[in-house]
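The following explanation is intended for a reader who meets this structure for the first time. Please look over the sequence and the three-dimensional view before reading on.

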Amino acid sequence: MDNNITIFDTTLRDGEQSPGASLDIHEKVQIARQLALLNVDVIEAGFPVTSSGDFESVKRIAQEIRGVSVAGLARAVEKDIDSAAKALEKAEKPRIHIFLATSEIHRKYKLLKAKEEIIHLAVKGVTYARKFVDDVEFSPEDASRTELDFLIQVVEAVIDAGAKTVNIPDTVGYAIPDQYESLIRGLKENVKNIERAVISVHCHNDLGLAVANSLAAVKAGAQQIECTINGIGERAGNAALEEVVMAIKTRHDFYRCSTRIHTRELIATSKLVSTLTGLRVQRNKAIVGENAFAHQSGVHQDGVLKERTTYEIMSPEDVGHLKTKIVLGKLSGRHALKNRIRELGYELSEEEFERAFEEFKSIADKKKEIFDEDIEAIIGIEKMEVPTIFQLVSLSISCGPNVVPTAGVRLKLHDGRIVDNATIGDGPIDALFKAIDLSTGIPGKLRDYNIQAVTSGKDAMGEVHVRVDIDGKIIGGRAISTDIIEASAKAYLNTINKVAATDPKYTVYQQRVTGL
Ligand code: KIV
Ligand code: ZN
C-alpha cells in the first residue's frame, strides 16, 4: 500500500514572512478556505503571540475551518504556548508547533545557551503544550546545521515528552539533497523512539534546493512535508507545495507514495495567493506559471498536437490549467497554425492555407506573438477593410490620486458630423469606453483587455487587444500607438466599427457608408 505524505501548508505563517507580503485577516481566511478546498492536511495559520492581528487570524481560521488540522506557532516559552492554545481553542483539530534552535551557531550567538539547557527547554515546552492539545509538533530550528549526535538527543527527548511530529528544518537552505537524505536516514536509524512520531521536513530555498531536499527526505522515510503555495516564504522562500505534490504524483513510480491534494485546485490557489500577497508568479514557474504548459518551438508544437505526452509529463487540466497553450510565433509550424485556424472556426483549402502560412511567417518575423486577430487578418476575414464609420479625432483624460477619472472624446462620423461626449468611469479606460459608447450609441461590454509592448525602449509602441461583447457577440479589436490610451480608444472603436458596418441592426450607418 502507498504511504501517504502529510502536506503541512505554511503559506499563512512562513509564506507571510516573505518580504513584501502582508495579509489582513480577511485575506488569510480566504486563503485558508482555498487551502481546505485544496485538501491540505495541516494549515499553519500564524504565530499568535507576535501580534493581535496574527492571533485573531489563527482564531478565526481555527473557528471556521473543519476537516483540516490548524496549527499555531510558538517558541518554547509559556507565554507563546498560552497564546497559541487560546487562539486554537475552537479548532476541530488543533496543533501547537513549538520551535527552538539547536545548532551551535544559534546556541552560541542567538540563544547563549548550552546543549543541556536547550534539551531542558524543548522538553518543558512540549510537556506544557501537551496540557492543551494532543497534537504537538516540535522543530529544532536550524536542524540541518546541528551536530547529528545532539540532534538525535533532542529528537528523542521531545518524543518522550509527547511530541507527535518532529520537524527537521533546513532553516537557512544550506542542505544538499544527498546530505539531507542521509540526515533523515540517520535520525530514523538512531532515534530509539522514532516510530512514535512523524518525521517532517521544512526546507528553505536559498540554494534553490528546497523541493529537491524535501523529496530526497521522502526517499529516506519523511512522512510530512512543510511547504507553501508558489514557494513563498522567508528570504528565497520555502519548498513550493505545487512542485512537491506534482513530483510525488507524476513520479509515483519512483517515490511510491501519494498525497491527498486535489491537484485541480492548484492553479486557483496559486492565483489567489499571488493576488492577495502581491507576489507575482514568474511565467516559467513549474506547475503554476503561465508558460508551464505553453509550447513555442515548432517541433514541440507539432509533437504535442500529435500526441500530448511527447512534450508534456503532466496534463494541464490535472493542475487546473484550462489546456495546453500553443503560442504562435516565428517558431511555429504548419500544424500549429492549421490547428488554431480550425479552433477559430475557419476551414481553408490547401491553397488558401499555404498563402496564409506564407503571410503568417512574414508577420511572425516582426512580431513576438501572433494573436487570434492577427490570424483572422491573415486569412482574409479582416482583409475586407473595416469601414471607418466612427473616427477618433481627439481625446482627453483626467485621472490620478483623488481625481474622479473622466474622459472626453471627439469622434467624426462617416457623414462628416462631429460628436463630442465626456463622462466619468471607474478608471480612465472605463471612462473612455463609456464616452465612446455615448458617442456611437452602440454600447459594448469589455470582456478582455490586453496590452503589450511591441517594440522596446521608453517610446515603445503599445499594442492593445480588446474583446468586446456587443449585443451578445464577442468582437475582437486591436490598435497600436505609442500612446496606450489612444491605442485603447482605437481598439475599442475598431470593434464598434466592425459591428456598425455589418450588423443589420445598424443599417443607418451602413447606408451612410455606401452613400445610399
Ligand atoms: O525555517 C524554520 O526553521 C522555521 C521553523 C519555525 C520551523 O520556519
Ligand atoms: Zn521556515
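The paragraphs below treat the chain as a whole, then the ligand, then the salt bridges.

The model shown here is predicted. Its chain contains 19 helices and 18 strands. Along the principal axes, the C-alpha trace extends over about 95 × 55 × 40 Å. The chain has 516 residues, of which 52% count as buried. Its accessible surface amounts to about 23,900 Å², and carbon and sulfur atoms account for 51% of that area. Considering contacts between residues at least 6 apart in sequence, 65% connect residues at least 24 apart.

Attention may now turn to ligand 1. The residues around this ligand are Arg13, Asp14, His97, Phe99, Ser139, Glu141, Asn167, Pro169, Thr171, His202 and His204. Sorted by class, this shell comprises two nonpolar, six polar and three charged residues. Three strands each contribute at least two residues to the shell, namely β5 (94-101), β6 (135-141) and β7 (165-170). Particular side chains approach oxygen atoms of the ligand. A polar side-chain atom of Thr171 is found 2.6 Å from an oxygen atom of ligand 1. In the side chain of Asp14, an N or O atom lies 3.0 Å from an oxygen atom of ligand 1, and a distance of 3.0 Å likewise separates a ligand oxygen atom from an N or O atom in the side chain of His204. On its own, ligand 1 has 260 Å² of accessible area, and the protein covers 94% of it.

Side chains of opposite charge can pair when their charged atoms come close. In this model the count of salt bridges comes to 34.

One of these salt bridges is formed by the side chains of Asp54 and Lys28, with an N to O distance of 2.9 Å. Asp54 belongs to helix α2 (residues 52-64) and Lys28 to helix α1 (residues 25-38), so this pair ties together parts that lie 26 residues apart in sequence. Both Asp54 and Lys28 are buried. Helix α2 also holds Ser57, which is buried with a relative accessible area of 2%. Leaving aside residues up to four places away in sequence, Ser57 touches Ile25 and Lys28.

A further salt bridge brings together the side chains of Asp41 and Arg260, at 2.4 Å from N to O. Asp41 is located in the loop between α1 and β3 (42-46), and Arg260 in the loop between β10 (257-258) and α11 (266-277); the pair therefore ties together parts that are 219 residues apart in sequence. Asp41 has a relative accessibility of 14% and so counts as buried, the limit for that class being under 20%. Arg260, with a relative accessible area of 43%, is partly exposed.

What is the distance between the closest N and O atoms in the salt bridge of Asp134 with Arg130? In that pair, these atoms are 3.6 Å apart. Asp134 is exposed, because its relative accessible area is 53% and the class of exposed residues begins over 50%. Arg130, at 28% relative accessibility, counts as partly exposed.

Definitions and conventions:
Residues numbered from 1 in each chain as written. Chains lettered and ligands numbered in written order. Predicted model: local features only at pLDDT ≥ 70, side-chain atom pairs only at ≥ 80, totals over all residues. Heavy atoms only, no water. Near = heavy atom within 4 Å. Polar contact = N/O pair within 3.5 Å; in protein donor to acceptor, adjacent residues only side chain to side chain. Areas by Shrake-Rupley, 256 points an atom, 1.4 Å probe, with all protein chains shown as cover. Helix = DSSP H or I, 4+ residues; strand = E, 2+ residues; numbered from the N terminus. Nonpolar A, V, L, I, M, F, W, Y, C, P; charged D, E, K, R; others polar. Salt bridge = Lys/Arg side-chain N within 4 Å of Asp/Glu carboxyl O. Buried < 20%, exposed > 50% of the residue type's maximum accessible area, 1.4 Å probe, protein only. Contact = heavy atoms within 4.5 Å.
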